[in-house]
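Grab the model and work through these exercises on charged side chains. Try each one yourself before reading the solution.

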Amino acid sequence: MPEPLPTLPLTWRPHRSRYVAYGLAALMVAGSLILAVVLPEQFKAPDRIGMVAFFAAIAWVLHLIGRIRVVAAEDGLTVVNVLRTHRYEWAEVLDVTLIDADPWPRLDLADGTVIGAMGIQGSEKIRAAQAVAELRLLLKAKGEAPED
């Protein structure tokens, strides 16, 4: 009896890196605001604003790390990595592989390219293996030429 398909839409996102990224971002913004208020008088408004802006920029980078995910929907797969969001139809994705030493799985695409799916973190061994297995089931069922 074949395994049942996961219910769509399905989202995979890392747990640890997400919590660390957003936790540090909140800490940096709050800390810079407090520091801007308690700095000695020799630091003028531009200094304080510059410091808050600098830490806000770091928080933005941490947000880019925290938002990574892979979303499977009826019409295709969306891969949100740090700098780019990729949208693929099911027929465009041929396979997903995760080797033990890889930080995240690789998606083999029909045009011959390979892209990392950072939303599934290889360091979360059990969750990553389950996510890759679910994604393989979906690729098999929804791909252009499903296997028997």
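This is a predicted model: local features need pLDDT of at least 70, side-chain atom pairs count only at pLDDT 80 or more; totals for chains, interfaces and linings use all residues.

**Exercise 1.** Find which residue forms a salt bridge with Arg 87, and work out where the two partners lie.

*Solution.* Start with the contact: Asp 75 pairs with Arg 87, and their closest N and O atoms are 2.9 Å apart. Strands here are DSSP E runs of at least two residues and helices are H or I runs of at least four, numbered from the N terminus. Now check accessibility: Arg 87 is partly exposed at 40%, and Asp 75 is exposed at 52%. Buried means under 20% relative accessible area, exposed over 50%, partly exposed in between (1.4 Å probe, protein chains only).

Residues are numbered from 1 along each chain as its sequence is written, and side-chain values use heavy atoms, leaving out hydrogens and water.

**Exercise 2.** Trace the salt-bridge network that includes Glu 124.

*Solution.* First, Glu 124 bridges to Arg 127, with 2.6 Å between the closest N and O atoms. Then look at Arg 16, whose side chain meets Glu 124 at 3.9 Å, N to O. This second pair links distant parts of the chain, 108 residues apart: Arg 16 sits in helix α1 (residues 16-38), Glu 124 in the loop between β7 (114-116) and α3 (125-142). Finally, accessibility: Glu 124 is buried at 9%, whereas Arg 16 is partly exposed at 49%, and so is Arg 127 at 36%.

Note on methods: A salt bridge is a side-chain nitrogen of Lys or Arg within 4 Å of a carboxyl oxygen of Asp or Glu.
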